[in-house]
Amino acid sequence: MIRFLSLLGCLACCGSTLAAAEPTYWQDVRPILRKHCTVCHNERRIDEPDVSAGLALDSFEVIRKERKVAVLVPGKPDASLIVTLLTSKDQKRAMPLDTEPLDAAEVETIHKWVAAGAPEGMKPAMVEANPGVPVGTRPVRKLDVTFATKAALPKASPTPGPIEFAVPIGPLPPVAAVAFSPDGKRLATGSYGRVTIWDLSTGQPAKFLTNVLGAVNDLKFSPDGKLLAVAGGQPSARGDLRLFDTTNWLLVHSLGGHLDTVSSVSFSPDGSKLASASFDKTVRLWDVKTGQVLHAFTGHSDFVYAVAFSPDGKWYATVSKDRTGRVVDVATGKSSVTFSGMDQEVLAVAVRPGDASVVTSGFETQMHWWNPLTAERLRKVAGPALATHEIAIDGAGKLAAAAGGDGTLRLYDLKAGDKASAIPAGSPIFSIALDPDGKRIASGLADGTVKLWDAAGARLLVTFWSGRGDDWLAVAPEGYYSGSEAILALAKWKAGGKPVADRKRFSALHDSAALGQASQGLKLNEPVLK
């Protein structure tokens with residue numbers, strides 16, 4: 001019977017292939033839209049005009065839906081937006097926006113499909129829900145994520161021992177970007193399709209930005225704190241680079257042109273320029289005020305992973321998958337020197353204030369220091385054991401921090417001959433930032449959390465998490481916690497490894513004020529529980 005049904009299925013497929021003189025939605029059009037369009041134009045983003053322009057193309061039903069301006073008029077390609085936006089000569093109107101146009105064959109397929117009356121065709125047996133969001137990035141709230149604390153119920157308690165609680169919010173997308181504001185009062189964190197602005201005076205989110213495209217790979221505040229650059233995009237399709245006004249969080253510029261995801265950004269010291277590195281093998285230099293490209297550097301032969309401006313703003317340094325680093329002149333867009341001799345991909349670069357020396361690292365286990373004028377290697381010191389994903393240096397040039405793929409946060413005292421220390425973070429670190437005074441360190445982890453550290457004492461201050469909607473959570477190692485009502489309602493408590501049903505026993509730990517103090521670097525008192 002099973003073989004008979006399989007045979008029927010094969011014959012049906014063969015028959016439909018032979019008989020299909022016209023393309024159909026499921027077999028021909030949907031794959032094109034998913035590749036080029038639905039990451040922006042989907043129902044989930046329909047209320048975010050900065051991303052979707054109010055247009056959704058992620059299902060057959062929504063495409064056929066009647067509107068004032070028709071997305072689809074079966075049999076009339078020239079009256080259907082789904083065709084005219086692909087063939088428009090107006091660059092501000094033509095889709096996909098700010099990237100390479102569709103192949104002529106793909107456009108012709110969509111044109112023929114509309115002309116044939118837009119047939120639906122045979123729907124596959126299994127169709128992923130929520131198209132437009134890549135597999136592996138969709139949060140599924142099924143797995144418990146556990147937050148351990150140093151707080152404990154006393155020995156006289158029925159369940160004595162260390163307290164931990166879990167919430168079913170996993171698996172979590174990694175936090176690939178963190179950035180302090182110039183005044184140190186805010187922390188921006190980025191994961192897939194989401195940026196959270198944390199108010200460090202309260203330890204709570206002040207703003208969620210979701211009108212970003214795809215992965216968020218880097219975040220940078222402008223030197224005056226008035227702009228936030230958000231870099232990311234859709235791998236192998238288009239880069240996304242957006243500038244937001246930090247007073248009202250409105251979009252100021254959407255800087256298009258990169259043909260692959262944007263991996264790193266850096267503002268010039270005066271804030272007038274922005275450099276963006278991309279997997280499309282280029283670095284673009286932008287005029288921040290006008291949003292225009294000043295030059296595009298094409299000297300690398302592979303992905304450009306990171307970029308960092310010099311203290312005087314006259315040059316920037318880059319590193320690449322091609323195992324080199326470059327120094328690029330801002331005025332000419334030409335490379336002046338090349339850092340070479342590295343055996344593996346170079347992922348991270350930073351420039352030290354003061355002497356303008358350049359430090360690079362990556363899959364090698366060393367941190368390399370370079371003279372930017374001569375490309376002489378000044379020294380090399382041990383780095384994280386697995387990989388260095390990002391390097392940060394404080395404003396005074398006294399402290400450097402490296403984000404370790406081995407799950408360690410490496411600190412280097414630059415005034416004491418690169419004296420190093422390693423702090424275990426519990427998960428690979430993808431992103432790192434130092435506050436302006438070099439007193440706090442923010443680290444974005446592969447486990448989907450952000451950990452804030454005291455730099456002097458290598459002490460964990462608070463752990464942040466931000467999810468979909470208004471969901472968030474902040475936990476201090478002393479046991480104090482705060483979060484959105486929906487998340488706290490899901491919490492499951494344990495003490496000494498045993499479940500505790502009575503939530504009232506932990507009421508003293510629910511302390512928003514304590515989280516604000518911890519976020520500012522203050523040491524908290526140990527809680528007393530009964």
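Before I start, one definition: when I say helix, I mean a DSSP run of H or I of at least four residues, and helices are numbered from the N terminus. With that in hand, please keep in mind that what you see above is a predicted model.

Let me give you the whole chain briefly. The chain holds eight helices and 34 strands, and of its 530 residues, 52% are buried. If we take the contacts between residues at least 6 apart in sequence, 48% of them join residues at least 24 apart. The accessible surface comes to about 23,900 Å², and carbon and sulfur atoms account for 54% of that surface.

T24 sits in the loop between α1, which covers 2-19, and α2, which covers 25-36. Is T24 buried or exposed? Its relative accessibility is 12%, and because the cut-off for buried is under 20%, T24 counts as buried. As for its surroundings, leaving aside residues up to four places away in sequence, T24 touches V29, W113, P119, E120 and G121. There is also a polar contact of 2.6 Å between the side chains of T24 and Q27.

Looking at one pairing in detail, strand β9, residues 238-245, is joined to β10 by three bridges, the two running antiparallel, and R242 stands opposite S254 in β10.

My last stop is helix α8, residues 512-519, in which the buried residues are A514, L515, G516, A518 and S519. What do these buried residues of α8 pack against? Their partners are strands: β28 (440-445), β29 (450-454), β30 (459-466), β31 (472-475) and β32 (481-483). Both ends of this helix deserve a look. The N-terminal end of α8 is capped by D511, with a side-chain oxygen 3.1 Å from the backbone nitrogen of A513. After α8 comes G521, and its phi is positive, near 95 degrees.

Methods. Residues numbered from 1 in each chain as written. Predicted model: local features only at pLDDT ≥ 70, side-chain atom pairs only at ≥ 80, totals over all residues. Heavy atoms only, no water. Pairing = 2+ DSSP bridges. Buried < 20%, exposed > 50% of the residue type's maximum accessible area, 1.4 Å probe, protein only. Contact = heavy atoms within 4.5 Å. Polar contact = N/O pair within 3.5 Å; in protein donor to acceptor, adjacent residues only side chain to side chain. Areas by Shrake-Rupley, 256 points an atom, 1.4 Å probe, with all protein chains shown as cover.
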